[in-house]
Amino acid sequence: MAVVPGRRLALLGGGFSTDDDGLLDDWVLAGVPAARPRVCFVPTASGDAPAYVEKFLAAFRPRDCEPSVLPLFRRELDDAALRAFLLAQDVVYVGGGNTANLLAVWRAHGVDRILREACARGTVLCGISAGANCWAEGSHTDSFGPLTRLSDGLGLLPGSVCPHYDSEPGRRSSYRSAVEAGALPAGWALEDGVGALFTDGLLTDVVTRRPCARLYRLEPGERGGVEERAVPCRVLHADRPPGSPV
C-alpha cells in the first residue's frame, strides 16, 4: 500500500511570475517524488489572465514535468471531470491577484472542497500572493482596495498569512496591527524571495533565493504589542540542487 505523505502547503514569495532564476519553482518540484510531476496552474485570482497563463506555460514546459492550466471563468469540465482532473495532480500552483474573488469563485465551483481532498491525498498545494493567502484561516490583503484583513480563508493552514511583507508600503505595519488587535490570528509574513513549506500545519522547510529575505512568525505579545520572530532560511543557489546543504 502506498504511503500518503503529510498534507503539504508551500507559500511562495516569488516564482515564475516575478523571478528569472526559477529557484523557488525548482524547490517546489524537487519536493515531489513523481518522476514527471503533474503541475496544474490555477489563475483564478487574476481572472484567468491569458498573459499569466502563457508565462506559466513558458516557464514549466521546458521543465521535467507535465504542466496544465485550470480555467474557471470559461470552465470546460463538468463536476466529475473537474474532480478527477484536480485529484490527478501532483502540484496545484495558484497564481496571484484578488484573494477574495479567488475564494468566491472556488466555492461557487466546488474547487475548495476538491482541493481539500487533493491535499489529504498528497497533492502539494502552493502559490504566490493570493495563491499563498488562500490556504490559511485568514490573510492580509488588498482585495478590497486598501490593505485590510480577510478572515475567510480555506483554513488548511492554521493562522494567518501576509505576503509582500518587505516590498509593499504599509504591509508590515498593517499586518502587525491586525495581529496585535486580534483581527487576524497569529501567522506568517513572507518577504519576497522566500518559500515556506508546511506539513500537516507545521513548518518543515524555509528557503530563500535572496540572502536578505526572511520569513517571520508574528504573535500577540503577552504584555501587549506583537512579537515578530525571524525564521532562519536556507539559501537556494542556482548551481546547487534545491535539496542540497548550503
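Modeller: Let's start with a term we will need: a polar contact is a pair of N or O atoms within 3.5 Å. Keep in mind too that this is a predicted model.

Colleague: Thanks! Where does that term come in at the start of α3?

Modeller: Look at Asp 78, where a side-chain oxygen comes to within 3.3 Å of the backbone nitrogen of Ala 80. That pair sits at the start of α3, the helix that spans residues 79-87.

Colleague: Which residues of α3 are buried?

Modeller: Buried means under 20% relative accessible area. In α3, Leu 82, Leu 86 and Leu 87 are buried. They cover an arc of only 120° around the axis, so they lie on the same side of α3.

Colleague: And what do the buried residues of α3 pack against?

Modeller: Their partners are the strands β2 (38-42) and β4 (91-94), together with the helices α4 (99-109) and α5 (111-120).

Colleague: How should I read the nonpolar core, then?

Modeller: The general idea is that in soluble globular proteins, nonpolar side chains tend to be buried together. Here the largest nonpolar core has 43 residues, and Leu 86, Trp 106 and Trp 135 touch the most other members. A second, separate core has 25 residues, including Phe 16, Leu 23, Val 39 and Val 124.

Colleague: What is Trp 135 in contact with, beyond its neighbours within four places in sequence?

Modeller: Among its contacts are Leu 9, Leu 11, Val 94, Trp 106, Leu 115 and Leu 125. The list also includes Cys 126, Gly 127, Leu 154 and Leu 157.

Colleague: Now a loop residue. Is Thr 44 buried or exposed?

Modeller: Thr 44 has 2% relative accessibility, so it counts as buried. Its place is in the loop between β2 and α2. Not counting residues up to four places away in sequence, Thr 44 touches Leu 72, Phe 73, Leu 102, Val 105 and Trp 106.

Colleague: Where do Asp 48 and Asp 200 lie, and is each buried or exposed?

Modeller: Asp 48 is in the loop between β2 and α2 (50-60), and it counts as buried because its relative accessibility is 12%. Asp 200 is in the loop between β10 (194-199) and β11 (202-208); at 51% relative accessibility, it counts as exposed.

Colleague: Finally, what does the secondary structure of the chain come to?

Modeller: The chain has seven helices and 14 strands. Its radius of gyration is 17 Å, close to the 18 Å that the globule rule gives for 246 residues, so the chain is as compact as a globular protein of that length. Of those 246 residues, 52% count as buried. Among contacts between residues at least 6 apart in sequence, 67% join residues at least 24 apart.

How values were computed
Residues are numbered from 1 along each chain as its sequence is written. This is a predicted model: local features need pLDDT of at least 70, side-chain atom pairs count only at pLDDT 80 or more; totals for chains, interfaces and linings use all residues. Side-chain values use heavy atoms; hydrogens and water are left out. Buried means under 20% relative accessible area, exposed over 50%, partly exposed in between (1.4 Å probe, protein chains only). Helices (H or I, at least four residues) and strands (E, at least two) are DSSP runs, numbered from the N terminus. The arc is that of the directions from the helix axis to the C-beta atoms. Contact means heavy atoms within 4.5 Å. A polar contact is a pair of N or O atoms within 3.5 Å; within protein, one must be able to donate a hydrogen and the other to accept it, and residues adjacent in sequence count only if both atoms are side-chain atoms. A nonpolar core is a set of buried Ala, Val, Leu, Ile, Met, Phe, Trp, Tyr and Cys residues joined through side-chain atoms within 4.5 Å. The radius of gyration is taken over C-alpha atoms; the globule rule is 2.2 Å times the number of residues to the power 0.38.
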